Every structure is written in C-alpha cells, then in structure tokens.
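Dear colleague,

Please find below the structure that I am handing over to you.

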Amino acid sequence: MEIDRVLRFENVGLRYGMGPEILRDLSFVIQPHSFQFLTGPSGAGKTTLLRLILMTLKPTRGLINLFGQEVARLDKDEMTGLRRRIGVVFQDFRLLDHLTTYENVALPLRVQGKDEASYRSEVIELLRWVGLGERMHVPPTVLSGGEKQRAAIARAVMVQPDLLLADEPTGNVDPPLARRLLRLFTELHRQGTSIVLATHDFDLMDQFDARRFVLADGYLEIFS
C-alpha cells in the first residue's frame with residue numbers, strides 16, 4: 001500500500017554544540033509525487049536541511065518521519081535501506097575518481113545487485129542525453145565542473161528514486177542545459193518521484209508550477 005506522505009518534519013530544530021539554533025521549528029510535509037523548490041539566501045541552511053532529510057545529520061529536537069518511519073527509532077541498517085530510496089545531488093558531486101563516468105552513474109544499480117546487461121543501454125542513453133556520451137569512459141578527474149554536475153545528476157536519477165534531493169543542480173551549467181536538466185527532473189517527477197530542488201535561480205523556478213520552501217533566518221516559509 002502506498003504511504004500517504006514521503007516526509008514529515010514536526011517542530012525540528014538544529015544547533016551545533018551550545019550555540020544558537022541555526023534551524024528553528026521546521027514543520028512541513030512532502031507528499032508522494034510532489035515537486036518543491038527550496039530557496040533562500042546563501043548561508044540560510046538549505047544544504048543543512050537536505051542533510052537532515054538524508055539522515056546524515058540528527059536534529060537537536062523535533063520529529064522526522066521518512067517513508068512512514070520515525071527516523072530517531074531506526075538502526076544503522078534501516079537507515080541505509082531508506083537512503084537507497086533517495087537520490088542525491090550535492091554541490092561537491094561525490095563522484096569516485098577511480099571509476100569512469102559510466103561506472104559512477106551505474107554504481108547505484110551495481111549496489112542493488114543488478115546485472116550490467118540489464119542496465120548498460122539505459123546508462124549510455126542517459127549519459128548521451130545529458131551531453132556526456134563522449135565522456136563516459138573517462139574518470140571524473142578530467143571532467144569540468146559542469147560535466148561533473150551532469151554526471152552526479154545522472155547517477156541520482158538512474159534508479160528512479162522515491163525522493164530526489166538536488167542542491168543547486170544547475171549551478172555549473174549554461175541556461176539552455178539548465179532547462180534541459182529541468183526537463184529531466186520534470187519527467188522523473190511525472191513518473192512518481194518526489195523532488196526537493198534547492199536553487200537561487202528564480203528564472204528556473206518560474207518555469208515550473210511548484211511549491212516554494214523559503215528558508216531565511218532559521219525559519220521556513222512555504223508558498224504554494
């Protein structure tokens with residue numbers, strides 16, 4: 001049976017050590033098959049919020065429910081299982097330098113134990129679609145920043161995750177390619193993935209009818 005929500009934050013707060021809270025009283029719900037932009041000034045905590053969702057940070061207070069489960073009650077193996085349902089594009093890309101571009105994009109499928117023959121053509125097609133068809137056999141060390149960004153995006157969407165978290169995914173590409181990548185996210189959303197896309201690009205946000213989460217001074221405001 002399908003869950004009625006992908007994510008719920010209830011009065012979540014975060015502080016480092018004994019310092020002041022940097023995120024305060026965050027309460028929101030992300031529904032299945034939904035699309036939301038996350039925006040706000042630099043330093044507002046957008047990446048930190050994404051890390052809370054991914055469970056690589058623990059909140060100081062409040063409740064986080066992910067895919068119907070209370071995160072605070074999960075053990076390490078259960079967290080790993082939930083993370084496999086999440087696709088992530090962070091600004092530092094996190095590509096593995098000892099693998100080729102093709103191998104990086106295919107890695108989530110290999111982790112799932114799938115045979116290469118079952119996915120090779122799909123990986124190649126996606127790499128060509130994002131403009132990396134001629135770069136699939138080179139390591140990330142020779143890719144430009146924009147090429148690394150596209151490889152990271154391809155890796156995140158390859159498994160059609162239940163939830164996609166994307167942190168400034170179009171920040172290193174030109175406007176035409178940014179629109180092309182947005183179409184990729186739109187198609188993924190059409191197929192059922194819930195998406196949280198962090199961006200400063202208001203022109204990009206204006207091209208899509210989606211909720212906007214605006215983070216400022218530690219608080220979150222939601223505009224439908």
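A cavity here is a set of points, on a 1 Å grid over the protein atoms alone, where a 1.4 Å probe fits but cannot get out; lining residues have an atom within 4 Å of a point. Grid points are joined across faces, edges and corners, and a volume is the space filled by probe spheres set on the points. The model is a predicted one, in which local features need pLDDT of at least 70 and side-chain atom pairs count only at pLDDT 80 or more, while totals for chains, interfaces and linings use all residues. Residues are numbered from 1 along each chain as its sequence is written, and side-chain values use heavy atoms, with hydrogens and water left out.

Cavity

Searching the whole structure gives one cavity of 30 Å³ or more. The space in the largest cavity comes to about 30 Å³. Its lining consists of Phe28, Ile30, Leu38, Leu49, Ile53, Val196 and Phe213. By class, the lining holds seven nonpolar residues, no polar and no charged ones; Ala, Val, Leu, Ile, Met, Phe, Trp, Tyr, Cys and Pro count as nonpolar, Asp, Glu, Lys and Arg as charged, and the others, Gly among them, as polar. At least two lining residues come from each of β2 and α1 (46-54). Helices (H or I, at least four residues) and strands (E, at least two) are DSSP runs, numbered from the N terminus.

Sheet

Strand β2, which contributes to that lining, also belongs to an open sheet of four strands with antiparallel pairing, in the order β2-β1-β4-β5. The edges are taken by β2 and β5 (69-70), each of which has a single partner strand, so one side of each is left without a neighbour in the sheet. Two strands are said to pair if DSSP finds at least two bridges between them. Strands β1 (residues 7-15) and β2 (residues 21-30) run antiparallel and are joined by six bridges. Phe9 has Phe28 in β2 as its bridge partner, and Leu7 is opposite Ile30 in β2. Phe28 and Ile30 are both among the residues that line the cavity. The two strands make a hairpin with five residues between them, and Gly17 in the turn has a positive phi of about 60°.

Pockets

A pocket is an open set of grid points with protein on both sides within 12 Å along at least five of seven lines. The volume of the largest pocket is about 590 Å³. There are 18 residues in its lining, and Arg83, Ile86, Val88, Pro108 and Arg155 lie nearest its centre. At least two lining residues are supplied by each of α2 (76-83), β6 (86-89), α3 (101-111) and α5 (145-157), with β6 giving the largest share, four residues. Eleven of the lining residues are nonpolar, three polar and four charged.

The second largest pocket holds about 330 Å³ of space. It is lined by Glu122, Glu125, Leu126, Trp129, Val157, Met158, Gln160, Leu184, Glu187, Leu188 and Gln191. Two or more of these residues come from each of α4 (120-129) and α6 (175-190), and α4 has the largest share, four residues. Six residues of this lining are nonpolar, two polar and three charged.

Nonpolar cores

A nonpolar core is a set of buried Ala, Val, Leu, Ile, Met, Phe, Trp, Tyr and Cys residues joined through side-chain atoms within 4.5 Å, where buried means under 20% relative accessible area (1.4 Å probe, protein chains only). The largest core has 40 residues, and Phe35, Tyr102, Val123, Val157 and Phe185 have the most contacts inside it. Elements that give this core two or more residues are β3 (35-39), α3, α4, α5, β7 (163-167), α6, β8 (194-198) and α7 (202-206). Its largest share, seven residues, comes from α6. A second, separate core of 34 residues includes Val12, Phe28, Leu66 and Phe90.

Positive phi

Most residues other than glycine have a negative phi. Phe93 counts as buried, at 15% relative accessibility. In the loop between β7 and α6 lies Glu168, whose phi is also positive, near 50°. Glu168 is buried too, with a relative accessible area of 13%.

With kind regards

Terms used: Buried means under 20% relative accessible area, exposed over 50%, partly exposed in between (1.4 Å probe, protein chains only).
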